[in-house]
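Thanks for coming, everyone. I would like to walk through one model this morning, and please keep the view open while I talk.

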Amino acid sequence: MISVLQRVRSARVEVGGETVGAIGPGLLVLVCAEQGDTQAQGDKLLAKILKLRIFSDANGKMNNSLQDMDGAGTVGGLLIVSQFTLAADVRGGNRPSFTGAAAPEDGRRLFDGFVDAARRAHGVVQTGVFAADMQVSLVNDGPVTIPLRIAPVV
């Protein structure tokens, strides 16, 4: 699975002019399932996201994770948005190919499983709408933007 994390002061996603998900401080997570991906990869990706030390500690160093924010009395949010375009392949020219992305039914199953696991593991989880035309707004904090790819779990 592929994801792009953005540490945000706030983020929201709209569909048809209506806000369907919004958070304050936390992480905007754009996520894409690729062909052959499994729920185990989604679980491994989520574990990494929750423990990734990209939030500032009392000394201004990136030493805290999203889970550490919870322990400090500030619950950081997760805004999870499906984005199949992360699987873009542009090696063959200027028009991206998305053949590496999971089929829509597999992508939805893996995305829903990822969101369900996130909701069990974390207190504040919002989402976009799978396969919808979404407008995502954010205030990137830092800016901190990190790509993550989780290879198949064997």
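Ala 131 counts as exposed, because its relative accessibility is 64%; the classes here are buried for under 20% relative accessible area, exposed for over 50%, and partly exposed in between, computed with a 1.4 Å probe on protein chains only. This is a predicted model, so to speak of local features we need pLDDT of at least 70, side-chain atom pairs count only at pLDDT 80 or more, and totals for chains, interfaces and linings use all residues. Residues are numbered from 1 along each chain as its sequence is written, and side-chain values use heavy atoms, with hydrogens and water left out.

Ala 131 is located in the loop between strand 7 (125–127) and strand 8, where helices (H or I, at least four residues) and strands (E, at least two) are DSSP runs numbered from the N terminus. The phi of Ala 131 is near 65 degrees, which is a positive value in a residue other than glycine. For context, most residues other than glycine have a negative phi, and most peptide bonds are trans.

Ala 131 also leads us to the largest pocket, whose lining of 22 residues has Ser 82, Gln 83, Phe 84, Phe 130 and Ala 131 nearest its centre. A pocket here is found on a 1 Å grid over the protein atoms alone, as an open set of points where a 1.4 Å probe fits, with protein on both sides within 12 Å along at least five of seven lines, and lining residues have an atom within 4 Å of a point. The volume of the largest pocket is about 400 Å³, a volume being the space filled by probe spheres set on the points, which are joined across faces, edges and corners.

Which elements each supply at least two residues of that lining? They are strand 3 (26–32), strand 6 (77–82), helix 3 (104–121) and strand 8 (134–149), and the largest share, 4 residues, comes from helix 3. By class, the lining of the largest pocket has 17 nonpolar, 4 polar and 1 charged residues, with Ala, Val, Leu, Ile, Met, Phe, Trp, Tyr, Cys and Pro taken as nonpolar, Asp, Glu, Lys and Arg as charged, and the others, Gly among them, as polar.

Staying with helix 3, its 18 residues reach 25 Å from first C-alpha to last, close to the 26 Å expected at 1.5 Å a residue, where the expected span is 1.5 Å times one less than the number of residues. Its buried residues are Gly 107, Leu 110, Phe 111, Gly 113, Phe 114, Val 115, Ala 117 and Ala 118, and what covers them includes strand 3, helix 1, strand 6 and strand 7.

Turning to the interior, a nonpolar core is a set of buried Ala, Val, Leu, Ile, Met, Phe, Trp, Tyr and Cys residues joined through side-chain atoms within 4.5 Å. The largest has 29 residues, of which Leu 27, Val 29, Leu 45, Ile 49, Leu 66, Leu 78 and Ile 80 touch the most other members. Strand 3, helix 1 (39–51), helix 2 (66–71), strand 6, helix 3 and strand 8 each supply at least two residues of this core, and helix 3 gives the most, with 6 residues. There is also a second, separate core of 10 residues, which includes Val 8, Leu 28, Leu 30 and Leu 79.

Leu 28, in strand 3, is buried because its relative accessible area is 0%, and, leaving aside neighbours within four places in sequence, its contacts (heavy atoms within 4.5 Å) include Val 4, Val 8, Leu 79 and Leu 138. Val 8, found in strand 1 (residues 2–15), is buried with a relative accessible area of 1%, and among its contacts, with the neighbours within four places again left aside, are Ile 23, Leu 28 and Leu 138.

By contrast, Ala 58, in the loop between strand 4 (55–56) and strand 5 (62–64), counts as exposed because its relative accessibility is 85%.
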